[in-house]
Amino acid sequence: MTDLFIHDSAARTTRRFEPIDPNHVRMYVCGPTVYDLAHLGNARPVVVFDVLARLLRRIYPRVTYVRNITDVDDKINARSRESGEPIGAITARTTEDFHRDMAALGALPPDVEPRATQHIAEMIALIERLIANGHAYAADGHVLFSVPSFADYGKLSGRSPDELLAGARVDVAPYKRDAGDFVLWKPSDDATPGWDSPWGRGRPGWHIECSAMSWKHLGEEFDIHGGGHDLIFPHHENEVAQSVCAFPGHGFAHYWMHNGMLLVDGEKMSKSLGNFMTVRDILDKGWRFGEAFRLLLLRTHYRQALDFTMAGLEEAKAELDDHYAMLSRAPAAPGGGIASQLADWAVAPLLDDLNTPLALARLRDLRTLENAVTVGGSPAVAMERARLTVPPAPGVAAKAFREAAGVLGVAAWNADDWLKGRAPRADAAVPGAMLSAQVSHLQGQAVASGQHDEEADIDAAIAARLAARKAKNWAEADRIRDELKAQGIVLEDGPAGTTWRRA
RNA sequence: GGUCCGGUGGCCGAGUGGUCAGGCACAGGUCUGCAAAACCUGCUACGGCGGUUCAAUUCCGCCCCGGACCUCCA
């Protein structure tokens, strides 16, 4: 395994990744504010940084991946006022929905998933440090960060405080010393959640939670901080200001990574625009569309904008169908040797700032290699790209495929279950946490459909067709095939007999 | 208005100063009772105008178009 390079938003260039401690890589990614179902755009950073976490774990002996849950926020308060549902119920339910949806996208849980409400003490401690260091002040029940006190403010997002003010879209609160100052702590009235603090009963501002939680779980300084591109300003800019000023001499995050926005009809999908589609909407099309959506996300480089279309989702689903068909055909083969060499070749593009589209192209070459040696055909073109001089033995390319696909987190299901559209039963490679979350959500669908009886009917129809074919009664054989096709069952005649799959 | 990112073949989408991306769709072929699957072949593009260079899709400048951010946002 060679070196990893990642694009650092702060440096605005791609840098070789050099961990603070090669024996323990630490990463923080901004998680959801839990007041509503996750939309498609929310899923992008989850999937992107899931791939990064998998890659880091392949390279380094220990990785701590922290992704927070923001369960105190004025949007949550507003939702509660509108619906009458208690705040605790909203956040608990939405957190559970989020876990379920992300699991259905094949995202492994982070190592630590801190809740903002459980880190109020750390936030208060940070704010006290900032006041003591002369970077924050209390005013009118609020505590504000003093932007002019931090010379590097604006460095991350690449703007000067003057520019920021020129385009500011909000009125400046009277208690601010400087128009750019932002809230660390604000007072709560009796109807709003609040915690006792040196400045009275109140609640945290938006940015302080991430500074507090990354500090608590990763320390004053850590390797990678990730999130959506739209968080660079003000969220991440303010995080830097808070953390660096609270802990002078520490660099906070060494690398900043930001994923591009997911668009729909050419515009950013966002809750404020109301043009969003939820992950749940995708899953309602069938459990296989969870992984199809994950593949769709990875087919575009993470820093590019991605325009979501249903046609793209269907294409991703079809690609997975072909992958699983290959996997179900391939014989078992030992790992190591050529298999690991091919897996490394397929994964290698990820080392270049997570070039998932190229890695996926190599996965397709592994599929072609396997198909050529197990089904028949020429593996020459794929061999050339994979720099092979001899065709791999049957099963070897599939073995490599499984290993490389595991880093991308795709093609993780049992191949036969996928093809036959059965209740998902993940392969052993899929960790239990993911399995249980997916099965609990999805198992009901298949069981309710009376799947076992249906499969018996399909097998009977295939047997009847076989008899017709033996009698050279082609009309009857084709009639049976067409009848099954109308039910979404596709038959394939091969040398080893007839197989079927669900379209 | 300010800052930044992008415009690649019918569609999606990597990448590169000179030699292959890849996928989908489409067309043809091998195989097959037919079909499907699989494999093979074809389809050869880099928004516009200048500049640098022996050579630019790739570097620079300008223009056009799209998008993001400018204290709700993944």
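**Reading the model**

Mentor: Let us begin with a sheet: an open sheet of three strands has the order 12-11-13, with mixed pairing. Strands (E, at least two residues) and helices (H or I, at least four) are DSSP runs, numbered from the N terminus, and two strands pair if DSSP finds at least two bridges between them. This is a predicted model, in which local features need pLDDT of at least 70 and side-chain atom pairs count only at pLDDT 80 or more, while totals for chains, interfaces and linings use all residues. Residues are numbered from 1 along each chain as its sequence is written, chains are lettered from A and ligands numbered from 1 in the order in which they are written, and side-chain values use heavy atoms, with hydrogens and water left out.

Trainee: How is the packing of two helices described?

Mentor: Axes are lines fitted to C-alpha atoms, for helices over the stretch in contact, and angles run from 0 to 180 degrees between N-to-C directions. Helix 17 (residues 451–470) packs with helix 18 (residues 474–486) at an angle of about 160°, their axes being 7 Å apart. Helix 17 is therefore roughly antiparallel to helix 18, a term for angles over 145 degrees.

Trainee: Which residues of helix 17 and helix 18 make the contact?

Mentor: Contact means heavy atoms within 4.5 Å. Those making it include I458 and R465 of helix 17 and W474 and L484 of helix 18. The residues of this contact divide into nine nonpolar, no polar and four charged. Here Ala, Val, Leu, Ile, Met, Phe, Trp, Tyr, Cys and Pro count as nonpolar, Asp, Glu, Lys and Arg as charged, and the others, Gly among them, as polar.

Trainee: What does UniProt list for "binding site"?

Mentor: Such annotations may be inferred rather than shown by experiment. The unreviewed UniProt entry lists C30, C210, H235 and E239. Although spread over 210 residues of sequence, they cluster in space, with a largest C-alpha distance of 11.1 Å. Of these, C210 lies in helix 6 (residues 208–218).

Trainee: Where is a cis peptide bond found?

Mentor: One joins F233 and P234, with omega about 5°. P234 belongs to helix 7 (residues 232–246).

Note on methods. Parallel < 35°, antiparallel > 145°, perpendicular 65-115°, else oblique.
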